[in-house]
Amino acid sequence: MNSSDPREALERELAALQVEYQRILESNSFRLGHLLIEATRSPYAFIRLPVNIIQFFLTLRRQSQSLAPGSLQYETVHSQWLSLVKEINKSGKKELVFLFSGTTCIQGTRGNRPIRQTQALLARGVPVFFSYHRTRFTEALPIYNQDGLVQSPVDITLQLLNEISAVGLDDVRKLFIISYPFKGIESYVDKFRLQGWSVVYDCRDDWEEFAKVGMAKWFDAEVERKLVATVDRTYCVSRPLIDKLSLLVPDSCVKLMPNAVGKDIIPNNYKHEPALFPRVVGYFGHLSAAWFNWEAFKEIVQLLPQYQFEVIGHSAPSELELPENVLFLGPRPWQELHRYATRWSAGIIPFRMGRLADGVDPIKIYEYLAFGLPVVSFVMPQISDYPYTTTVSTVEEFCCALKAACEEVPKHEIIEAFLTHNTWEARAEELLSIFGDPVS
């Protein structure tokens, strides 16, 4: 657990908001919208609109072209990779992890599964080559630094795969973690295994269901099937995912590895002191309408006007209209969530029920529990037997359960017993256990 300096906390939060603001300014949708709005305000801009539109799409074309060897970004990543290999040889480290994440780069403010796995591995002294996803190939490389970490955008990573697989580290145990079934990566599994790498497919979501709601358009079911068939081991975050992937390839090695919580989520001085007048209920996480059930959430808050609801997160629908007892706080760094949760009486997960939610094991539930919060969620099979967690199937049941949860005082020892076995540190240990002997 870490101490928390209020000034440092505010500086981190400001930095995170600046990153998010800059991301919005640089987004293609914002830039196109800005062109159209300016055209309605200025006759000159209106006349130049066709030219500006052509220039905009030419820029998009350049952004979609991979940066080849010789480009500054490629050579920067390549140099960092060579330096990491040199440092491993020099230091005598015994493990190396290549994590093909499919998520955003590590910025210090996001806390998804691949990022938290990486941070736990780095804390163990295990070097990590972290490949992250980006759609604009001209986007700057991340400035976040940590000993033993190299970050590479996926377009550059794909050009380095042959070199990474054949890296000359004969005395080092090497683990390749594929965190999303990106088309083409399946063809490299055998090559990595022949070069002495252990290969794991870490299935953190039901990608087929995400594709159906337009959130994983890259998904190809055959790619996922080939991964399950050829890797050494497949890990799934939920039991329904185990059932699904086991049917894809009978007799394949598919195991459960739920999500977890970091020991650094709570500072030393954290104290849960829920507000009473009114009670405050909280949510943090992704807010996409594809799985956050905004219709049900609005019904819930309208049926419980005596409670204040605080919502933290990103990707909320545009032009969102919420009742007066809802405070939308936007995105916040995960390190600062405790500042809000200390006042909450309960945490909620109002996800849409169905196959997409069936495959989920939300990281937020571990963090809610770490903050001392009872949890109310719509049905999600993986979390049904978690402590101080109630799952329901209707708005009416949700309201009833939430009233009870707000009056409940969880026992610290029960939560502690559950979380002790569900830390990212424990997950890192399990990932490295694939080598078959105790990890140094």
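Reader: Which strands does helix α11 lie across?

Author: This is a predicted model. In this model, helix α11 covers residues 294-303 and lies across β9 (307-314), β10, β11 and β12 (375-378). Its direction runs at about 155 degrees to β9. Helix α14, residues 363-370, also packs on the sheet. It touches β8, β11, β12 and β13, and its direction makes about 145 degrees with that of β8.

Reader: In what order do the six strands form the open sheet?

Author: Read the order as β10-β9-β8-β11-β12-β13, with parallel pairing. The edge strands are β10 (326-330) and β13 (389-392), and each of them pairs on one side only. Direction ignored, neighbouring strands here are turned by 25 degrees against each other on average.

Reader: How many bridges join strand β8 to strand β11?

Author: Two bridges do so, between residues 279-286 of β8 and residues 346-349 of β11, and these strands run parallel. Within this region, G282 stands opposite G347 in β11.

Reader: Back to α14. How many of its residues are buried?

Author: Eight of the eight, so count a residue as buried when its relative accessible area is under 20%. The buried residues are I363, K364, I365, Y366, E367, Y368, L369 and A370. After α14 comes G372, with a positive phi near 85 degrees.

Reader: How do I read the sides of a helix?

Author: An α-helix has 3.6 residues a turn, so residues three or four places apart point the same way. Now take helix α10, residues 239-248, where L241, I242 and L245 are buried. These three sit on the same side of α10 because they cover an arc of only 100 degrees around the axis.

Reader: Which exposed residues does the face turned away from the buried side of α10 carry?

Author: That face carries D243 and L247.

Reader: What do the buried residues of α10 pack against?

Author: They pack against β5 (197-203), α9 (221-230), β6 (233-236) and β7 (254-256).

Reader: And the faces of a strand?

Author: In a regular strand the side chains alternate between the two faces of the sheet.

Reader: How many bridges join strand β2 to β3?

Author: Five bridges join β2 (residues 128-132) to β3, and the two run parallel. In one of the pairings, F129 has V150 of β3 as its bridge partner.

Reader: How many disulfides does a search of the whole structure find?

Author: First the idea: a disulfide is a covalent bond between the sulfur atoms of two cysteines. The search finds zero of them. Take C203. Its closest cysteine sulfur is in C236, 4.8 Å away, which is too far for a bond. C203 counts as buried because its relative accessibility is 1%. C406 is buried as well, at 2%.

Reader: Where is S179 found?

Author: S179 is in the loop between β4 (173-178) and α7 (189-194).

Reader: Is S179 buried or exposed?

Author: Buried, because its relative accessibility is 0%. Its side chain makes a polar contact of 2.8 Å with the side chain of R204. Leaving out residues up to four places away in sequence, S179 touches L99, F100, S101, P114, D202, R204 and W207.

Terms used: Residues numbered from 1 in each chain as written. Predicted model: local features only at pLDDT ≥ 70, side-chain atom pairs only at ≥ 80, totals over all residues. Heavy atoms only, no water. Pairing = 2+ DSSP bridges. Helix = DSSP H or I, 4+ residues; strand = E, 2+ residues; numbered from the N terminus. Axes fitted to C-alpha atoms, helices over the stretch in contact; angles between N-to-C directions. Contact = heavy atoms within 4.5 Å. Disulfide = S-S within 2.5 Å. Buried < 20%, exposed > 50% of the residue type's maximum accessible area, 1.4 Å probe, protein only. Arc of directions from axis to C-beta. Polar contact = N/O pair within 3.5 Å; in protein donor to acceptor, adjacent residues only side chain to side chain.
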